Every structure is written in structure tokens, then in C-alpha cells.
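The exercises below ask the reader to work through a structure step by step, with a solution after each task. Please look at the sequence and the model before reading on.

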Amino acid sequence: MTQDYRPGGPRHRLLSVLVENKAGVLARVAGLFSRRGYNIFSLAVAPTDNERFSRISIVVDVESSPLEQVVAQLDKLINVVEIGELHPDEAREAELLLVSVTANANERSQVIQLVGVFAGRIVDVGHDAITVMVAGAPELLDDFESLMRPYGIAGIQRTGRIALPKLDSQASSMTTAGIA
Amino acid sequence: MELTGAQALVKSLEMQEVEVIFGLPGGAILPVYDPIIDSPIRHILVRHEQGAGHMAEGYAQATGRPGVAMVTSGPGATNIVTALADAYMDSIPLVVVTGQVATSAIGTDAFQESDTTGITLGVTKHNWLVTDAADIPQIVREAFHIATTGRPGPVLIDVPKDIATSMMEWYWPDGVDLPGYHPASQPDRAAISAAAELVAAAERPVIYAGGGILKSRASNALRELAELTGIPVVTTLMARGCFPDSHPLCLGMPGMHGNYTAVTAMQQADLLLALGSRFDDRVTGKVSAFAPRAKVVHVDIDKAEIGKVRRPEVAIHADCRLAIEGLIESITASGPPDKGRLEPWIATLSKWQEQYPYTYDRSEPDNAEVLAGSSGRRPTLKPQYVIEQLRALTPPDTVLVSGVGQHQMWASQHWSFEHPNTWINSGGLGTMGFAVPAAIGAKVGRPDRMVWAVDGDGCFQMTAQELATATAERIPVKIAILNNAYLGMVRQWQHMFYEERYSEVYLSPDLPDYVGWAEAMGCVGLRVESSEEVTPAIEKANEIDDRPVVIDFRTDSMEQVFPMVPAGASNDDIVVHPSQRVRGSEVSQ
């Protein structure tokens with residue numbers, strides 16, 4: 001994996017999309033990406049504090065299409081209320097990772113130690129494997145993932161990035177005025 | 001007042017001042033068809049749901065009002081998908097209502113179930129699956145609002161059968177509640193000023209007028225702008241008629257089969273004013289070689305069109321008419337434009353127009369021996385001649401409808417359009433079979449106008465069952481089949497690019513018997529095999545006003561459409577008519 005492919009690399013841009021919380025909205029967004037040939041690196045959806053709206057965080061690969069075109073097409077979806085790009089410098093980003101690591105009795109303590117360093121939590125323990133949950137910045141999770149790999153990863157799931165603007169920054173398009 | 005969902009739906013359509021619905025009933029939509037009996041809305045019973053969709057498109061194109069179609073679930077819905085896709089490409093406002101299986105049966109593979117909102121996601125501006133009868137008035141109001149504002153387009157409302165039969169308390173909403181929908185309208189002042197400056201400085205400007213001119217009803221504004229500035233105008237396939245072909249500043253159609261002057265003017269231009277046009281591949285040819293020296297001002301109501309193909313120097317995201325009016329105001333404010341500056345450019349264009357008009361080899365009318373049919377020799381009647389005679393013998397505001405292929409290009413080339421909304425065709429999707437139903441819809445919308453369809457024999461066979469609809473509903477459309485016994489445009493490509501290896505393009509001039517077909521459908525059928533029969537046949541057709549007329553014009557199957565820019569080639573490599581090629585290399589700017 002080259003630097004460019006890493007989350008936060010120049011090919012990857014994070015969009016925070018406020019959508020109406022209606023049936024089929026995710027299909028509309030995903031369908032738009034597939035029919036226009038845009039690539040999604042990761043995608044996370046969750047309700048907001050206003051039950052009428054949900055927020056979709058999409059990491060877009062801008063190699064195939066310019067971000068401006070992706071945003072303009074997204075904006076045409078009737079249920080899309082607002083689109084903002086979050087620059088890594090101006091955003092608090094987080095991601096959740098669950099990983100099952102094969103670790104025998106000898107290795108287990110090393111893994112547990114690393115989990116401690118990354119402020120993770122052990123959520124399940126088996127005879128020769130443990131399942132760990134780590135939350136944090138995507139780059140942090142990348143590091144953790146690569147540290148776990150030598151032990152053997154039996155299963156892994158990441159949520160994709162979610163983000164909000166930093167409180168002291170004024171990312172222009174991210175205001176939610178008039179929506180509450 | 002308590003109403004069923006079905007009654008509320010029909011009443012909502014009445015509130016939207018719908019005057020006609022094109023449709024065909026079936027199981028899931030049955031409840032909605034019952035209140036239609038009591039409604040003042042006219043219903044036109046089609047023979048195939050695709051026909052309903054194209055009729056609604058023709059109606060919308062001819063009137064500027066949204067077309068409405070209603071069909072049942074499953075196959076009814078899938079049959080109208082082509083028309084939705086066509087309307088989506090050409091930005092035609094449609095409201096399509098589909099029946100759906102009962103909510104309890106959705107997802108169970110019930111009889112005539114299809115995932116209609118899923119299937120039509122990519123070919124509608126928006127769609128709804130109604131889950132509560134109480135939502136119906138709100139959804140209908142929003143559907144018409146979305147279909148007709150901003151960049152117009154088709155929308156679809158999917159109504160499950162149990163929703164149509166459940167009760168709701170009638171209301172009519174005050175407005176729409178669409179927090180994510182804010183169509184552009186007014187242009188940005190600074191952008192208008194920047195565009196006006198480019199106009200003032202340009203020496204070889206061209207107005208590249210697209211379908212957005214018609215959608216925004218900007219024909220008069222466009223004419224004012226052209227006359228004020230002296231800038232010549234090309235009208236794309238979707239914009240034919242938005243600027244009169246007889247106007248001295250009109251250069252006609254650009255693109256793959258556009259005329260030499262329109263194509264080359266854009267190639268040589270130093271400024272393109274793209275007004276409601278979208279740099280379609282059929283216009284630009286090879287994009288990297290398109291109008292290489294031109295600065296671009298791009299006006300579009302759809303922000304996603306701006307910069308999609310060509311990055312403009314000035315982007316104006318606005319309603320086309322308001323932008324043109326703004327531009328006129330801005331230009332006028334700085335004194336009368338110096339039109340003299342454009343004289344060398346206009347002179348060059350005039351020279352090209354003189355050298356490279358549309359042309360074709362005229363057939364010899366006396367040469368009766370080589371005429372078609374029984375002699376077994378190919379007809380010599382030229383399709384272009386038929387179009388010219390049709391134009392000459394019909395009122396200037398005649399609505400011309402076409403299908404897709406050679407006949408469509410000849411119609412656009414050889415018809416002289418003088419009024420907006422008099423040309424209806426399938427531009428973006430290229431839907432064969434469009435003409436017959438679209439002409440019927442156009443005639444329903446504009447019964448005061450003469451409506452002619454120019455169709456190909458291949459296209460005609462795709463949807464000609466709708467002639468039964470036209471006869472039954474007394475819709476006197478006139479159909480001119482340019483019958484060359486081939487899928488002509490495909491044949492032309494096989495001729496030019498596949499070494500004349502003709503694969504699956506021959507249709508036969510006699511099968512079906514088009515006159516017999518017309519008569520079986522209650523129409524008048526006429527056959528024309530020679531040039532001298534053309535005028536009498538058209539005159540006869542023009543006199544018939546109580547039923548549809550079909551004329552089977554047996555035309556020369558070898559005829560090709562010129563000029564032509566081969567697919568993927570630069571517009572500089574335009575191939576003109578063989579008779580003009582000798583001089584091709586001598587052309588200078």
C-alpha cells in the first residue's frame with residue numbers, strides 16, 4: 001500500500017453529508033456512486049441528534065472523478081440536505097476497529113500490552129485468540145492493525161471514518177444553521 | 001372529508017391541473033382507476049406502457065407542462081422505464097404513477113411485484129414509495145414541484161394497493177417541505193460581468209444554445225442577446241427551434257451530423273457562450289480537440305453540468321433566461337456593443353455557409369424505370385427531398401416529431417424550424433420507437449397544431465401499435481415513414497467503419513405492409529414510390545383531420561447522412577458530402 005492509498009492521503013477526501021432520514025437514502029447515495037463510476041473508500045451512516053436527519057461520512061477516492069463533480073452530483077439528490085468536505089487539519093476524525101487476533105498463551109501478554117498502549121479494550125477471549133476493540137484516529141488504527149498482523153488476524157472489521165469539525169475551526173460549509 | 005388513498009391521488013392530480021393521463025390499468029393500480037371514471041381528467045388508454053411514457057414526453061415537450069402517465073406494478077412499471085430514462089436524459093418533466101403490490105406483500109416476490117423505486121433510481125430525478133395514504137397529497141405536490149423546477153426531469157410515485165384503498169383525511173398542503181432541494185435561479189452578478197467582458201473582447205464568438213433555452217423559455221431573450229451583440233448562434237439537436245433557422249445569425253445544428261459551418265465555427269471560436277447546453281459527446285467529438293482556442297462561458301441550472309466535460313472560464317449557475325437577461329443588461333450598460341469588430345468573422349462564416357450547405361444528390365424524377373417495388377430495383381426517392389416537401393407544405397408552427405437514426409438527422413438538417421417547441425425528438429437516450437407515441441402526446445397537448453412524425457421503418461415497428469390508441473382517441477397525427485428497408489444508421493456505420501459488412505440490418509421494404517398496417521389500425525395509409533408522388537400524398541394527408549395518416553415513403557436505401565464526424569474523432573475531421581470534398585482542403589479561415 002503506497003502512501004497515497006492511506007486514509008488521509010491526497011487521493012482520499014472526506015465528505016460529511018447530511019441527509020433526510022428517509023427509507024432508501026443510502027441506496028440513492030450508493031447508487032449514484034456506482035452509476036457515475038465514483039469510488040467509495042469507506043462509508044459510515046448514523047442518525048444525528050435531530051431524528052429527521054442522518055449523517056453519512058464518506059471517504060471518496062478522487063482518482064476517478066474530481067471531488068467538485070462528486071459533490072455537485074450528490075447535491076442533486078433531493079434527500080441530500082448539506083455536503084461539507086472536512087479537511088483532516090480541521091476535523092476530529094475517529095474510527096472503530098474490532099479485530100480477532102490469534103495469540104497463544106505466550107503471545108497473549110504481548111498483545112494485551114499493545115492494546116493497553118492504544119487504549120483499546122479486550123472484548124472477548126478464547127483459547128488461542130482474543131478480540132480487541134480500538135477507537136481513535138484512522139492512522140492510529142492503521143498502526144495498530146499492522147502491529148497485530150504478525151500474530152495472525154482471524155477477523156477484522158472497521159467502521160470507516162466519521163468526523164466533525166474541530167470546535168475552534170470554521171469549516172465554511174459545515175454550518176448546520178437553520179436545520180435544527 | 002375522508003377519502004381513499006386512490007381518491008386522494010386523483011384529486012391531488014386535479015389540484016395540479018392535470019388535464020390528461022396516459023396509462024394502462026392492471027391489478028395493483030386497479031383502485032386508482034376507479035375514481036378516474038368520475039374525474040374530469042382525460043385518460044388515454046395506451047396499448048403498451050412504453051407508449052404511455054413517450055406520449056407523456058411528447059405532451060410535455062409540446063406544451064411545457066408536465067406529462068402524466070399511470071401504469072400498474074411489475075411489467076407495467078418496467079415497460080415504462082425506457083421512457084423514464086429518455087425523459088431523464090432530455091430533462092423532460094414527467095410524473096409517473098405506478099401501482100405496487102400491497103405493503104404486506106412487498107419483498108415476497110408477489111405476483112407482478114418489482115422493486116420499482118429501486119429500478120428507477122438512476123433514471124428519475126426523484127421517486128417515492130408511498131407508505132401512508134395520508135402522505136399522498138404532500139408527495140404529489142412535491143412530485144410536480146421537483147419535476148418542473150430547476151433542471152426538469154421525470155419523477156415516479158409508487159403506490160401499493162393497500163395504500164390506495166386505505167382511508168385518509170383529505171387536505172391540500174400549503175407548500176413543499178424539501179430541505180435538500182434549492183434549485184438555482186438568479187445568476188451571480190460578478191459572473192455576469194465577467195461574461196460580458198469576454199463578450200466585449202471576443203472576435204470569433206459563438207452562442208452554443210442547448211435545450212435549456214427551451215426549458216427556461218428563453219427564446220426571446222436569446223434572440224435579443226444575439227441581435228444586440230451580433231453573435232451567431234448554433235442550436236443543438238435538443239434546441240432546434242429555440243432560435244429561428246431563417247435568422248441571419250443562425251448557423252443551425254452542430255455536432256456529429258451538424259452542418260459544416262456550425263461545427264467549424266465552434267472549432268475556430270475564441271469564445272463559446274454555452275447557454276443551457278451540456279457539451280454532449282455528439283456535439284464535442286473528441287473533447288480534447290473541441291473548440292481548442294475558445295474561452296467558455298457556461299450557463300446551466302444544473303451545477304453538475306458545469307465543468308463536467310469542459311472547464312469554463314466563467315461559470316454561471318443559474319436559470320438560463322435570467323442569466324441571458326442579466327447578460328443583456330450588463331452588456332447594454334456599457335454602451336452599444338461594437339458589432340463591426342465581428343465583421344471578418346461573420347464574413348468567414350458566410351463563406352462557409354455558401355461553400356458547405358447541407359446537400360444531397362437529387363434523384364431524377366423522370367427515371368421511372370428504376371422505381372421501387374415490383375421492378376425489384378431500389379427506389380431513388382431521396383429522404384431529404386421528402387423532408388423538404390413536408391416543410392414546404394405544412395404551416396410554419398407545425399410540430400415535427402422524430403425517432404432515432406438517419407431520418408432524425410435528416411429531419412433536423414432539412415426542416416427549417418421557426419418556433420420554439422416545434423421539434424420533439426429523443427436526443428440523449430436515442431430511443432428508437434419514440435416518434436409515434438410522442439407525436440400522439442404532442443397532438444393531445446396541442447390539438448390546434450399540425451403534428452407530423454418523421455419516422456424510420458425500424459423505429460416505426462417498435463411502437464406503431466399506438467396508432468390504435470390514436471384512432472380510438474381521435475388523435476389525428478400524421479406519420480411519414482422514410483422506409484429504406486434498413487436499420488439505416490447502423491447500416492451507415494457498417495458501410496463506413498466495418499468495410500461494408502452488413503450485419504443484421506436489413507428489414508425489407510414490404511414486411512410489414514405499412515399501408516395495410518395503417519388501415520388495420522384505423523388510419524389512412526398511403527404509399528409513395530417516386531418524387532412526383534410526394535407532394536400530392538402530403539397534401540392529401542394534410543387534409544385528413546379525423547384520423548391518423550401514415551405515408552410509406554419508399555426511399556433510397558443507399559443514402560447516407562452527411563456531414564459526419566466519425567465517433568471519437570476531432571470535429572476538425574468532419575467528413576462533408578462527397579460532392580463537396582474536392583474543395584475540402586482549400587478551406588481557410
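Angles under 35 degrees count as roughly parallel, over 145 as roughly antiparallel, 65 to 115 as roughly perpendicular, and the rest as oblique. This is a predicted model, in which local features need pLDDT of at least 70 and side-chain atom pairs count only at pLDDT 80 or more, while totals for chains, interfaces and linings use all residues. Residues are numbered from 1 along each chain as its sequence is written, and chains are lettered from A and ligands numbered from 1 in the order in which they are written.

**Exercise 1. Describe how helix α9 of chain B packs on helix α14 of chain B.**

Step 1. Helices (H or I, at least four residues) and strands (E, at least two) are DSSP runs, numbered from the N terminus; α9(B) covers residues 189-201 and α14(B) covers residues 320-333.

Step 2. With axes fitted as lines to C-alpha atoms, for helices over the stretch in contact, and angles running from 0 to 180 degrees between N-to-C directions, the two axes come within 9 Å and cross at roughly 60°. α9(B) and α14(B) are therefore oblique to each other.

Step 3. Taking two residues as in contact if their C-beta atoms, placed from the backbone, lie within 7 Å, α9(B) contributes I192(B), S193(B), A195(B), A196(B) and V199(B), which meet A323(B), G326(B), L327(B), S330(B) and I331(B) of α14(B).

Step 4. Counting Ala, Val, Leu, Ile, Met, Phe, Trp, Tyr, Cys and Pro as nonpolar, Asp, Glu, Lys and Arg as charged, and the others, Gly among them, as polar, this contact of α9(B) with α14(B) has seven nonpolar, three polar and no charged residues.

**Exercise 2. Which domains does the assignment give for chain A, and which elements of domain 1 touch domain 2?**

Step 1. The assignment, which is automatic or from a database, gives domain 1 (3-86) and domain 2 (92-162) in chain A, and their C-alpha centres lie 28 Å apart.

Step 2. Nine residues from domain 1 of chain A and seven residues from domain 2 of chain A take part in the contact.

Step 3. On the domain 1 side, β2 (39-47) and β3 (53-61) of chain A each give two or more residues, and β2(A) gives the most, with three residues.

**Exercise 3. Where in chain B does pLDDT stay under 50?**

Step 1. The stretch under 50 is residues 368-374 of chain B, for which the model has 13 contacts beyond four places in sequence.

Step 2. Where pLDDT is low, the predicted coordinates should not be read in detail.

How values were computed
pLDDT is the predictor's confidence in each residue, from 0 to 100.
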